[in-house]
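Here's a friendly walk through one protein model. Have a look at it first, and then we'll go through the side chains together.

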Amino acid sequence: MEEDYEPSVQSQRRVNPKIHDVIKKEVEKLLDAGLIYPISDSPWVSPVHCVPKKGGMTVITNEENELIPTRLVTGWRVCIDYRKLNEATRKDHFPLPFMDQMLERLAGNEYYCFLDGFSGYFQIPIDPKDQEKTTFTCPYGTFAYRRMPFGLCNAPGTFQRCMMAIFHDMIEKTMEVFMDDFSVFGDSFSTCLTHLEKMLNRCEDTNRL
């Protein structure tokens with residue numbers, strides 16, 4: 001934490017009653033998975049808000065009979081407004097890889113295998129003494145995270161550093177990794193499968209999903 005910041009306790013924001021059930025289900029899911037726990041005395045409290053999940057595009061007709069491209073809303077995503085906490089957090093400047101350079105390294109290979117990490121950030125444990133800083137408030141109480149949530153300013157760098165440490169001897173040679181997106185490659189089908197097996201064995205050895 002930066003030295004000149006005081007803890008911030010923000011009150012719960014008014015939430016549309018229509019999405020109360022969305023928040024309730026998300027909290028219950030996180031509790032059941034052991035990712036969060038109830039807390040009552042944290043010096044840091046951040047509010048919850050919901051944003052629409054954007055789907056594909058469709059075309060609708062407005063009142064003037066004009067065709068308007070519109071993005072479909074497929075549901076709601078529960079987010080936590082960590083802006084106050086992020087302002088007080090000393091920044092981690094760990095670099096993320098350049099996507100164009102990754103694609104250039106992939107381009108010379110004939111076979112690829114693309115994988116997506118499962119609940120990526122939630123696989124990173126938070127130091128017990130720092131868990132209270134992640135406290136959020138919602139209509140059903142205040143809760144803190146045991147695992148790293150989305151919305152923290154240092155979460156991307158922390159996750160990428162972890163992936164680089166785990167796959168350091170494979171990156172740029174047999175695979176590429178950008179956050180929780182993995183690309184395994186090879187110049188033949190059997191070589192690609194061999195590289196994939198090695199990568200998945202490493203995931204098992206380090207309890208990655």
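## Ground rules

Let's start with exposure: a residue is buried under 20% relative accessible area, exposed over 50%, and partly exposed in between (1.4 Å probe, protein chains only). D130, for instance, is partly exposed at 27%, while K133 is buried at 18%.

This is a predicted model, so local features need pLDDT of at least 70 and side-chain atom pairs count only at pLDDT 80 or more, though totals for chains, interfaces and linings use all residues. Residues are numbered from 1 along each chain as its sequence is written, and side-chain values use heavy atoms, with hydrogens and water left out.

## Salt bridges

How many salt bridges does a search of the whole structure find? There are ten, a salt bridge being a side-chain nitrogen of Lys or Arg within 4 Å of a carboxyl oxygen of Asp or Glu. K133 and D130 form one of them, with their closest N and O atoms 2.6 Å apart. R13, D81 and R83 are linked in a network of salt bridges.

E26 and K29 make another, at 3.4 Å between the closest N and O atoms. These two sit three residues apart in helix α1 (residues 20-32), which puts about one helical turn between them. (Helices, H or I and at least four residues, and strands, E and at least two, are DSSP runs numbered from the N terminus.) E26 is partly exposed at 23%, whereas K29 is exposed at 52%.

R105 and E172 also form a salt bridge, their closest N and O atoms being 3.9 Å apart. That pair links distant parts of the chain, 67 residues apart: R105 is in helix α3 (residues 99-107), and E172 is in the loop between α4 (155-166) and β7 (175-178). R105 itself is partly exposed, at 30%.

Nonpolar side chains tend to be buried together in soluble globular proteins. Here, the largest nonpolar core has 38 residues, and F136, Y145, M148, F167, M175 and M199 touch the most other members. The largest share, four residues, comes from α4. A core here is a set of buried Ala, Val, Leu, Ile, Met, Phe, Trp, Tyr and Cys residues joined through side-chain atoms within 4.5 Å.

What does M148 touch, leaving aside its neighbours within four places in sequence? M148 is in contact (heavy atoms within 4.5 Å) with Y121, F122, I124, I126, A155, T158 and F159.

## Aromatic rings

The structure holds eight aromatic pairs. Rings of Phe, Tyr and Trp (its six-membered ring) pair if their centres lie within 6.5 Å; planes under 30 degrees apart count as stacked, over 60 as edge-to-face and the rest as tilted. Y112 and F114 are stacked, because their ring centres are 6.0 Å apart and their planes are at 15°. Y112 is partly exposed at 36%, and F114 is exposed at 58%.

F167 and F182 pair up edge-to-face, since their centres are 5.7 Å apart and their planes at 70°. F167 lies in the loop between α4 and β7 and F182 in strand β8, so the pair ties together parts 15 residues apart in sequence. F167 is buried at 0%, and F182 is buried at 7%. Elsewhere, ring pairs link F122, F136, F143 and Y145 into a cluster.
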